[in-house]
Amino acid sequence: MKLSHSRASLMRAAGATVVATATLAAGLPGIAHAAPADPGDRTVSVTVKNHTSVRLNLDEADVTEGDWTLDPPGSIKAFKVVHFGSVSTDFEGGTEANVSFRTKFGMVELYWSDPWEIDNDFTCDTPPELSCQIDSDLGPNARATFDLFEN
């Protein structure tokens with residue numbers, strides 16, 4: 001197909017406009033369009049500080065939504081600190097998990113949820129001989145610290 005010189009120039013200019021607009025939109029996602037959410041947009045980084053003389057032995061670790069970023073350890077020695085966490089794996093998904101540790105006093109159960117649309121939730125259940133304080137933040141990349149103490 002043979003195009004006239006003026007029509008070919010017009011088509012080149014239109015093509016250049018499309019390329020420039022696409023480049024601008026890619027470089028300015030907040031202005032051109034919102035960046036899409038990707039799996040991994042929700043994470044929870046967990047720190048457990050064992051301020052007790054009691055060893056915690058892993059009983060169960062279950063991610064009900066998402067996947068582990070770092071698996072919980074098999075045990076937490078007395079007066080030690082460990083890190084683990086989870087991440088979302090679905091588009092516009094969240095992450096949710098629970099971890100249970102056995103102690104000579106009974107079970108210590110940690111739970112967290114970082115859903116796509118509502119606030120995060122963190123809980124820690126202990127036997128009466130132990131107590132737990134939770135320091136956590138909200139948002140898509142949450143951090144939670146579970147401090148365990150002897151009563």
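This is a predicted model: local features need pLDDT of at least 70, side-chain atom pairs count only at pLDDT 80 or more; totals for chains, interfaces and linings use all residues.
How many of the eight residues of β1 are buried?

Residues are numbered from 1 along each chain as its sequence is written, and side-chain values use heavy atoms, with hydrogens and water left out.

Let's begin with the overall picture. The protein chain contains two helices and ten strands. Helices (H or I, at least four residues) and strands (E, at least two) are DSSP runs, numbered from the N terminus. The chain has 151 residues, and 32% of them count as buried. Buried means under 20% relative accessible area, exposed means over 50%, and partly exposed lies in between, with a 1.4 Å probe and protein chains only. The chain exposes about 9,100 Å², and carbon and sulfur atoms supply 53% of that. Accessible areas come from the Shrake-Rupley method with a 1.4 Å probe; for residues, only the protein chains shown count as cover.

Back to my opening question. Six of the eight residues of β1 are buried, so this strand is largely enclosed by the rest of the structure. And what does β1 pair with? Eight bridges join β1 to β10, and these two run parallel. Seven bridges join β1 to β5, this time antiparallel. Two strands count as paired if DSSP finds at least two bridges between them. If you want to find these pairs on the screen, look for Val44, whose bridge partner in β10 is Ala142, and for Thr43, which stands opposite Val87 in β5.

Now to the sheet. There is an open sheet of five strands in the order β4-β2-β6-β7-β8, with antiparallel pairing. Its edge strands are β4 (75–76) and β8, each of which pairs on one side only. Further in, β2 and β6 pair in the antiparallel sense over seven bridges. Within that pair, Glu65 stands opposite Glu96 in β6, and Asn57 has Arg102 in β6 as its bridge partner. A hairpin takes the chain from β6 to β7 through two residues. One handy thing to remember: in a regular strand the side chains alternate between the two faces of the sheet.

So what is inside? In soluble globular proteins, nonpolar side chains tend to be buried together. Here the largest nonpolar core has 22 residues, and Val48, Phe84, Val108, Leu110, Trp112 and Phe146 touch the most other members. By nonpolar core I mean a set of buried Ala, Val, Leu, Ile, Met, Phe, Trp, Tyr and Cys residues joined through side-chain atoms within 4.5 Å. Strands β1 (43–50), β2 (56–65), β5 (81–87), β6 (95–103), β7 (106–114), β8 (121–125) and β10 (141–150) each supply at least two residues of this core. The biggest contribution is from β10, with four residues.

Do zoom in on Trp112. Leaving out residues up to four places away in sequence, Trp112 touches residues including Val44, Trp68, Phe84, Ala97 and Phe122. A contact here means heavy atoms within 4.5 Å. For the protein chain, among contacts between residues at least 6 apart in sequence, 52% join residues at least 24 apart.

Another residue I'd like you to click on is Asn120. Where does Asn120 lie? You will find Asn120 in the loop between β7 and β8. Asn120 is buried, because its relative accessible area is 12%. Its side chain reaches the backbone oxygen of Asp137 at 3.5 Å, and a polar atom of that side chain lies 3.2 Å from the backbone oxygen of Gly139. A polar contact is a pair of N or O atoms within 3.5 Å; within protein, one must be able to donate a hydrogen and the other to accept it, and residues adjacent in sequence count only if both atoms are side-chain atoms.

Last stop: the disulfide. A search of the whole structure finds one, joining Cys124 to Cys132 with an S to S distance of 2.3 Å. The definition is a pair of cysteine sulfur atoms within 2.5 Å. The link of Cys124 and Cys132 is right-handed, with 110° about the S-S bond. Are the two cysteines buried or partly exposed? Cys124 counts as buried because its relative accessibility is 16%, while Cys132, at 23%, counts as partly exposed.
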